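We'll hop from stop to stop, and at each one I'll say what to pick.

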Amino acid sequence: LTIGVPLEIFPGERRVAITPQNVALLLKKGVSRVLIQRGAGEGAQLLDDAYEKAGATLVDRDAIWSQSDIVLKVRSPHSEGAFNEIQALRQGSTVISFLYPLQNKPIVEALAARGVTAFAMDRIPRISRAQVFDALSSMANIAGYKAVLEASNHFGRFLTGQVTAAGKIPPSKVLVIGAGVAGLSAIASARRMGAIVRGFDTRPAVREQVQSLGAEFIEVDFQEDGAGQGGYAKEMSKEFIDAEMKLFMEQAKEVDIIITTALIPGRPAPKLITKEMVAAMKPGSVIVDLAAEAGGNCEATVPGKLSNYKDVTIIGYTDLPSRLPTQSSTLYSNNITKYLLSMAPQDKSFGIDFKDEVVRGSIVTLNGEIIPPAAPPAPP
Ligand code: NAD
């Protein structure tokens with residue numbers, strides 16, 4: 001069995017699907033060959049030498065696509081310029097990557113037409129057993145951390161308070177909207193840097209998690225539980241959204257940094273920060289909109305870009321994990337390698353077990369047949 005890892009072709013993408021350490025693990029577990037495209041790890045400071053020492057075979061792009069039984073990637077296979085990764089896949093081979101099949105129907109159809117098997121890392125059910133494979137959480141954790149660093153880079157003051165000979169400096173105030181994996185990571189990071197942190201979420205169940213990180217959990221005077229199916233957020237009533245936006249208007253005048261992470265699976269991001277709220281912030285304030293890819297939580301966000309509205313910096317980057325490429329490659333590699341090994345690929349049959357909830361949840365095509373999405377897991 002040959003596993004191949006190409007250089008990611010998405011513009012600006014610096015992550016790589018596998019680290020040298022996991023190459024060695026796959027070989028130890030019985031995979032016969034691991035092919036790495038020359039330079040595939042360079043963007044993440046994982047150099048060819050290290051892959052070679054781990055036992056990988058360094059090859060050019062064509063060899064990856066023509067010889068691999070299983071291709072491991074970060075971004076979904078797609079075409080860039082004249083090169084089409086989907087067409088390059090060998091018929092009957094398997095590809096594992098982020099895929100977002102519901103948002104990328106043409107890619108799913110092209111993978112099926114090519115006669116391949118495809119797994120989406122983003123469709124792995126978020127059950128306890130699958131936590132080690134949960135690349136969405138790994139990337140969200142990194143995005144939350146990096147959001148605080150980006151905010152701090154564009155903010156003109158310390159986050160922490162200090163008493164210095166030159167004067168007393170008050171700590172900065174950070175508001176984090178949405179306390180899922182990314183939001184909690186941002187809260188923890190901003191706390192570690194000494195800021196006063198406030199967290200808000202529609203799911204009251206996260207109150208204790210926010211408080212345990214040393215942040216204040218702010219609430220609206222309106223009863224509605226935002227927990228939907230499987231512990232994910234549901235869309236809130238207009239009354240609740242109005243109430244939370246009133247709270248954010250008051251907060252906007254007070255805080256220095258707002259980090260928004262509010263998402264509802266399968267829906268556009270709720271617009272929670274209006275231009276009026278941005279204008280009410282102090283000059284020099286910063287907003288990081290982690291929901292930018294889903295349209296943004298802030299009206300003034302330009303997805304993918306750093307921009308300004310009035311005197312406020314708005315960070316709408318949609319590639320924060322790729323901006324911490326060594327860390328994100330390491331965690332992604334651990335997730336994808338453990339997932340692959342859980343399917344025992346070294347066994348010649350590469351038995352795809354539909355009774356395995358994780359396999360069933362994440363398989364998108366099987367030998368050219370489109371597999372409909374599995375029913376969501378039952379609530380805990
Ligand atoms: P997400 O990225 O889909 O959403 C981010 C947060 O935004 C959520 O906490 C959500 O409640 C919040 N939100 C939605 N609408 C909002 C609004 N109008 N105002 C404020 N906040 C709003 O979430 P996620 O980080 O992927 O995690 C979602 C849930 O899944 C969490 O409960 C998390 O603990 C759970 N989870 C479980 C596992 C596991 O068991 N393996 C792994 C990861 C996450």
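Is Tyr100 buried, partly exposed or exposed? Select Tyr100 and look around: it is partly exposed, because 15 other C-beta atoms lie within 10 Å. For the scale, buried takes 20 or more other C-beta atoms within 10 Å of a residue's own, exposed takes 12 or fewer, and partly exposed is in between, with C-beta atoms placed from the backbone.

Some ground rules before moving on. Residues are numbered from 1 along each chain as its sequence is written. This is a predicted model, where local features need pLDDT of at least 70, side-chain atom pairs count only at pLDDT 80 or more, and totals for chains, interfaces and linings use all residues.

**Loops**

Stay on Tyr100, in the loop between strand E7 (94–97) and helix H5 (105–113). Helices (H or I, at least four residues) and strands (E, at least two) are DSSP runs, numbered from the N terminus. Tyr100 has a positive phi of about 40°, although it is not a glycine. Most residues other than glycine have a negative phi.

Now select Gln45, which also has a positive phi, near 60°, without being a glycine. You'll find Gln45 in the loop between strand E2 (33–37) and helix H2 (48–53). Gln45 counts as exposed because it has 12 C-beta neighbours inside 10 Å.

Next, pick Gly214, in the loop between helix H8 (207–212) and strand E13 (216–217).

The shell has 30 residues, and the closest are Gly178, Gly180, Val181, Ala233 and Ala262. Helix H6 (135–153) and helix H7 (181–192) are the elements that give two or more residues to it. H7 has the largest share, three residues.

Colour H6 and H7. Two packed helices are described by the angle between their axes and the distance between the axes. Here the axes come within 7 Å and cross at roughly 40°; axes are lines fitted to C-alpha atoms, for helices over the stretch in contact, and angles run from 0 to 180 degrees between N-to-C directions. Ala140 and Gly144 are among the H6 residues in this contact, and Leu184 and Ala186 are among those of H7. Contact here is a C-beta distance within 7 Å, with C-beta atoms placed from the backbone.

**H5 and the sheet**

Which residues of H5 are buried? Select Ile107, Val108, Ala110, Leu111 and Ala112. What covers them includes helix H4 (85–88), strand E8 (117–120), strand E18 (363–366) and strand E19 (369–370). After H5 comes Gly115, with a positive phi near 80°.

Finally, show the open sheet of eight strands, in the order E3-E2-E1-E4-E7-E8-E18-E19, with mixed pairing. Strands pair if DSSP finds at least two bridges between them. Strand E3 (57–59) and E19 stand at the edges, each with a single partner strand, so one side of each lacks a neighbour in the sheet. E8 and E18 run antiparallel, joined by two bridges. To see one of them, select Phe119 and its bridge partner in E18, Ile363. H5 packs on this sheet, touching E8, E18 and E19, and its direction makes about 30° with that of E18.

Definitions and conventions: Near = placed C-beta within 6 Å. Contact = placed C-beta atoms within 7 Å.
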